[in-house]
Structure formats: structure tokens, C-alpha cells
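Please consult the sequence and the coordinates alongside the text.

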Amino acid sequence: MGSNLNRRNPDHWCEFHNNHGHKTADCSLLQGEVDHLLKQGYLTELFSEKDADGVLTPQNDALVISLLVHETNVKRVLIDPASSVNIILLRVLSEMQAKDKLVPKAHTLSGFDNSSVITKGEVTLTTFAEGVVKDTKFQVVEMEMAYNMILGRPWIHEMDVVPSTLHQVIKFPSLWGIREIRGDQQTSRSINSVVDSSMKNEEK
């Protein structure tokens, strides 16, 4: 069933559907097609077997990177296409000495398990990725979390990032061609081992 024409945003255009309603970068059908093509071995000009060189196997690791944010090298940054927002811990914001940039504006964030957290506000910080600079809005939370930061769809789409957990890398366009940032599998695995251990302790 097609979407209601009256509800389509006339300011947004999708090249894939050749119609108004949403941005090309937000098109879930297009993203599904890209994922399918990657699994079928197409789009080899973007990813190849060479990209998997150095990747520890077998693996089912999350894609965790380090990124320069507000002139600070932030480790344990999760690339999460499933997240509709970018998230940063209040503790990390304080360590950056950027707490003065926090705008008190509470939001409720809900997880897949129906849990929720009230944010402390939002902050705009500059991210630097291989020469590509973006002012990025983050939701600020104060909670126990294995990651210092989560980069969700807003940053992924703004950067035109194509992430691959299989190849443990993100790729994105720049003025100098396609750039990439490799994932840190060791960090990802250490985080997952801590999470697994805590879950086992809770079950006892």
C-alpha cells in the first residue's frame, strides 16, 4: 500500500523512488537493496575481499571506531545504523571540557527492550573524520554504558557513510576520494566480553 500523498513532505526528494516524501539517505527500501547487493557480492567497487584483510575471524563483532570529536580522540565509538540519534555520555562531555555547550532539553530515548532514559539535553560538537568536518548534534545521557559515544543514522547519513561490520570498516566520500576508518575489533570484543560476563552474573 502506498503512503498517503497528503502526508508526504514536499521538501524531501528520493532519487530511488523518484518522488517526494523522504530523503534518499533516509530511504529504508534503498538501504535494504544495498544490504542485499552487498550480501550477493555486488558493489565490489566499494567493498572487496581485500577490505577483510586483517579482520579477526570468525567474528560477529560490533563496529567500534575511534574518532576525533571536539579536538579530542574519543575511543569506543559505536557505529549503529539502528539508532535514530547520536548519543554521548555526560562524563565524556565533561572530560572534553565541553559541558558548557550543553543545552538543557530533555528527551526520552527508548530502547528495543522498551527501556527508556531521560536525556540531560543536547550538544553540538564538531567531528573530524579523515578530513571531513561535520557539526554533529548529540543527545547527552548520564548512565552506565559500554560505549563513550554512539553515532546513529543522523551522522551516518550526513556523512554518506557506508558501514560494513563484515569488513569492520566505514567508508565515505570526501574531496580527496573515498576515505575509510577501520574498526577496532579488540575493543569491540573486550566490551562484549564484559557485557556477557555481567549478564551471566545477573542470571545467577
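Five bridges join strand β3 (residues 64–69) to strand β4 (residues 72–79) in the antiparallel sense. Strands here are DSSP runs of E with at least two residues, numbered from the N terminus, and two strands count as paired if DSSP finds at least two bridges between them. The model is predicted: local features require pLDDT of at least 70 and side-chain atom pairs count only at pLDDT 80 or more, whereas totals for chains, interfaces and linings use all residues. Residues are numbered from 1 along each chain as its sequence is written, and side-chain values use heavy atoms, with hydrogens and water left out.

The hairpin of β3 and β4 has two residues between the strands, and His70 takes a positive phi near 50° there. Strand β3 also pairs with strand β8 (residues 121–129), in the antiparallel sense and over two bridges.

A further open sheet consists of three strands in the order β11-β12-β13, with antiparallel pairing. Its edge strands, β11 (162–164) and β13 (177–182), each pair on one side only. From one strand to the next the twist averages 20°; axes are lines fitted to C-alpha atoms, and angles run from 0 to 180 degrees between N-to-C directions. Strand β12 spans residues 169–174 and is joined to β11 by three bridges.

The table lists bridge partners from these pairings.

| Residue | Partner | Strand of the partner |
|---|---|---|
| Val64 | Leu78 | β4 |
| Leu68 | Phe128 | β8 |

Ser174 belongs to strand β12. Its side chain is involved in polar contacts, defined as pairs of N or O atoms within 3.5 Å; within protein, one must be able to donate a hydrogen and the other to accept it, and residues adjacent in sequence count only if both atoms are side-chain atoms. A polar atom of the Ser174 side chain lies 3.1 Å from the backbone nitrogen of Trp176, and the side chain of Ser174 reaches the backbone oxygen of Gly177 at 2.7 Å. Ser174 is buried, with a relative accessible area of 18%; buried means under 20% relative accessible area, computed with a 1.4 Å probe on protein chains only. Leaving aside residues up to four places away in sequence, Ser174 touches Val132 and Arg179, contact meaning heavy atoms within 4.5 Å.

The largest nonpolar core has 38 residues, of which Ile88, Met96, Leu125, Met149, Trp155 and Ile170 touch the most other members. Such a core is a set of buried Ala, Val, Leu, Ile, Met, Phe, Trp, Tyr and Cys residues joined through side-chain atoms within 4.5 Å. Beyond four places in sequence, the contacts of Ile88 include Leu93, Met96, Leu125 and Met149.

Terms used:
Helices (H or I, at least four residues) and strands (E, at least two) are DSSP runs, numbered from the N terminus. Buried means under 20% relative accessible area, exposed over 50%, partly exposed in between (1.4 Å probe, protein chains only).
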